[in-house]
Amino acid sequence: MSDTLKSITDPARRAALEPYLAWTSLADMAFDRMAHYGAKPFLWGKRDGTYVSQSFNAVAEAVADCAHGLAGLGLKPGERVALVAENRPEWLIADLGIISAGGVTVPAYTTNTVDDHIHILKDSGSRFVIVSTPELLERVLPAAAEVDTVERVILIDSAAPTSPAKPVDTWSDLLSSGHSARGEAAPAPLHEAKREDLACLIYTSGTGGAPKGVMLSHGAILCNSMGACDLLYELDDRLPEDEVFLSFLPLSHSYEHTAGQFFPLSIGAEIYYAESVEALARNMAEVKPTIMTAVPRLYETLHGRVVSGLRSQPALRQKLFWKTVALGQKKYLEGRLGLWESLLDKVLEKLVRVKVRERFGGRIKALVSGGAPLNYDIGLFFTALGLRLLQGYGQTETAPVVSCNRAHQIKLDTVGPALAGVEVKIAGDGEILVRGELAMLGYWNEPEATAEALKDGWVHTGDVGEIDSDGFIKITDRKKDIIVLSGGDTLSPQRVEGMLQFEPEIGQAMVVGDKQPYLVSLIVPDADAARDWAKSLGKPNDLASAVADPAFHAYIEEAVERVNKRLSQPERVRRFRLVAEPFTTDNAMLTPSMKIRRHVINGTYADQLAALRR
């Protein structure tokens with residue numbers, strides 16, 4: 001028995017994890033699981049407004065055909081294939097088809113510009129590009145034309161257009177040619193990869209500059225999936241089964257790539273693909289997921305919508321809601337309620353919490369938060385409403401999950417203990433170091449950056465934190481994001497930003513102040529709050545008008561002062577500037593995983609920030 005599982009004494013639990021150590025590659029795992037679950041529904045996508053499923057058997061056939069089709073085009077083991085598509089069944093089929101042929105998948109965000117695509121295609125040396133829609137093709141083809149290594153583009157939807165830049169094939173032709181080449185052979189990996197072989201190149205989201213290609217092995221993602229299986233086991237004290245995932249975070253991000261694709265496949269779960277973030281609420285009601293993975297920004301948005309929607313409700317309903325929150329928070333913080341409070345809490349469970357859970361589909365076992373720090377108050381809010389929120393931690397360089405809170409012990413101000421098979425320690429300067437099979441192989445074409453981030457098998461995360469007596473990790477900041485004021489005080493900008501964004505009047509915030517005497521902030525007001533404010537005063541109902549109104553500035557200032565009262569003196573925001581344009585992926589101020597790009601925002605608003613410091 002592997003040393004990884006020696007600490008697990010429950011035989012059934014250990015048996016659930018042992019296959020993850022036995023599988024030789026992601027393709028080996030995939031075809032094993034698809035054969036095991038056979039006719040069971042697997043992937044669900046919307047067609048003509050209705051969710052339609054494909055079975056594990058059907059997906060296995062399509063994956064094998066894709067692999068043979070790519071091999072027929074000349075793809076050799078180790079060569080790269082870029083994948084540009086929204087979340088849909090073909091994403092998984094293409095990804096598995098690439099690695100089953102021995103290739104390396106290079107996921108790219110659908111929000112990428114032509115220049116972004118050029119950088120990734122050129123840096124990775126991709127030979128082929130699989131793209132989903134004609135709209136995305138408009139940005140992929142000009143990029144492919146600039147990159148010599150790209151030979152062909154494969155379009156999933158619609159007929160292939162004639163292109164002077166690069167030959168364009170259709171997805172259906174690729175699968176058809178692959179099926180002909182495969183003949184009557186049962187679906188199976190076309191290439192026998194090893195755990196240490198490169199499976200994918202996932203480019204970082206570029207919060208601090210040009211994206212780097214993170215090299216992840218088959219074993220790294222299998223190790224991560226094993227840890228997730230162990231985590232899920234604790235939700236019911238049994239083997240995970242009949243789980244339903246709703247996939248909506250970009251599959252080009254390592255978080256969804258592992259937690260929303262390979263892990264669900266490894267346990268035989270069904271995967272539904274959300275139509276869009278805007279349709280998420282409707283899709284949750286349709287799908288009734290049991291597990292959801294999301295980034296903190298989604299929970300912040302949901303919190304804002306709940307609070308905003310509550311304002312229009314009758315006074316009694318508002319009172320019951322906030323009493324539910326208050327009792328739920330007390331129960332979490334103190335561990336118990338008094339007799340009368342317990343009785344009232346049981347009544348409110350039926351009147352309030354059940355209805356809240358129904359908005360998530362009614363079957364949610366856990367909401368998992370990762371990708372960025374979760375504001376403590378947001379976590380406490382959802383916990384008080386009866387939703388189990390498990391905050392985790394990781395990064396692309398660790399495939400990506402390092403740790404997560406456990407179902408039977410949740411500490412909202414931590415990211416939980418390390419997953420099975422993962423070692424974590426704190427360096428002398430407070431940096432979090434991670435070791436295990438989950439560690440990246442390095443950065444593609446970046447030997448110096450690799451040497452800096454990967455030393456003696458330990459990934460140097462760039463995050464600062466501490467580990468408590470129970471082994472729970474607490475993240476205190478990013479090494480590069482730490483603000484040191486001119487007076488010597490060291491601050492966490494993410495903590496201050498999170499507290500600002502918790503206020504219903506504030507949509508987004510970024511604070512700056514390194515080497516300055518105090519903090520200043522850029523604030524994007526909450527659009528709904530601004531609309532309500534304008535309506536109540538009979539003023540123009542647009543954010544740009546509100547931002548320019550001194551009375552609205554005073555209104556937002558009240559929210560900032562509420563936050564300042566809860567902060568230490570050095571952390572307080574002295575001055576702020578309102579901006580009407582939200583930080584989004586379209587303006588490159590937000591990464592596809594919803595983290596702010598500080599260098600972009602700083603550059604865009606350099607003059608305004610400088611004025612705040614004068």
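Predicted model: local features only at pLDDT ≥ 70, side-chain atom pairs only at ≥ 80, totals over all residues.
Two residues are in contact when they have heavy atoms within 4.5 Å. Residues are numbered from 1 along each chain as its sequence is written, and side-chain values use heavy atoms, with hydrogens and water left out.

**Exercise 1. The whole chain**

Task: find what share of the contacts in the chain between residues at least 6 apart in sequence join residues at least 24 apart, and compare the radius of gyration with that of a compact globule.

Solution. 
- Step 1: of the contacts between residues at least 6 apart in sequence, 65% join residues at least 24 apart.
- Step 2: the radius of gyration is taken over C-alpha atoms, and the globule rule is 2.2 Å times the number of residues to the power 0.38. For 614 residues a compact globule would have a value near 25 Å, and the chain agrees, with 25 Å.
- Step 3: the C-alpha trace spans about 70 × 60 × 55 Å along its principal axes.
- Step 4: buried means under 20% relative accessible area, exposed over 50%, and partly exposed in between (1.4 Å probe, protein chains only). Buried residues make up 55% of the 614 residues.

**Exercise 2. A three-stranded sheet**

Task: work out the strand order of the open sheet that contains β24, β25 and β26, and say which strands stand at its edges.

Solution. 
- Step 1: helices (H or I, at least four residues) and strands (E, at least two) are DSSP runs, numbered from the N terminus. Two strands pair if DSSP finds at least two bridges between them.
- Step 2: the order is β24-β25-β26, with mixed pairing.
- Step 3: β24 (506-512) and β26 (573-578) are the edge strands; each has a single partner strand, so one side of each is left without a neighbour in the sheet.
- Step 4: axes are lines fitted to C-alpha atoms, for helices over the stretch in contact, and angles run from 0 to 180 degrees between N-to-C directions. With direction ignored, neighbouring strands of this sheet are turned by 30° against each other on average.
- Step 5: β25 (residues 519-525) pairs with β26 in the parallel sense over five bridges, and L522 has R577 in β26 as its bridge partner.
- Step 6: helix α16 (residues 493-502) lies across β24, β25 and β26, at about 155° to β24.

**Exercise 3. Strand β1 and its two partners**

Task: compare how β1 pairs with β2 and with β11.

Solution. 
- Step 1: β1 (residues 41-47) and β2 (residues 50-55) are antiparallel, with six bridges. Here P41 stands opposite S55.
- Step 2: the hairpin of β1 and β2 has two residues between the strands, and D48 takes a positive phi near 55°.
- Step 3: β1 runs parallel to β11 (residues 270-273), joined by two bridges. In this pairing W44 stands opposite Y272.

**Exercise 4. Cysteines and a covered strand**

Task: decide how many disulfides the structure has, then look at where C66 and C200 sit.

Solution. 
- Step 1: a disulfide is a pair of cysteine sulfur atoms within 2.5 Å. The search of the whole structure finds zero.
- Step 2: C66 is in no disulfide, since its nearest cysteine sulfur, that of C200, is 16 Å away. C66 is buried, at 0% relative accessible area.
- Step 3: for C200 the closest cysteine sulfur is in C223, 14 Å away, which is too far for a bond. C200 is also buried, at 1%.
- Step 4: in strand β8 (residues 198-203), six of the six residues are buried. Five bridges join β8 to β9 (residues 213-217) in an antiparallel run, with I202 opposite V214.

**Exercise 5. Helices and their surroundings**

Task: list what the buried residues of α5 pack against, and state whether D345 and R282 are buried or partly exposed.

Solution. 
- Step 1: in α5 (residues 114-124) the buried residues are H117, I118, I120, L121 and S124.
- Step 2: the buried residues of α5 pack against β3 (80-84), β4 (104-108), β5 (128-131), α6 (134-145) and β8.
- Step 3: just after α5, G125 takes a positive phi of about 70°.
- Step 4: D345, in α13 (residues 339-359), is buried at 6% relative accessibility. Beyond its neighbours within four places in sequence, D345 contacts L327, G328, K331, L337 and R353.
- Step 5: R282, in α10 (residues 280-287), is partly exposed at 46%.
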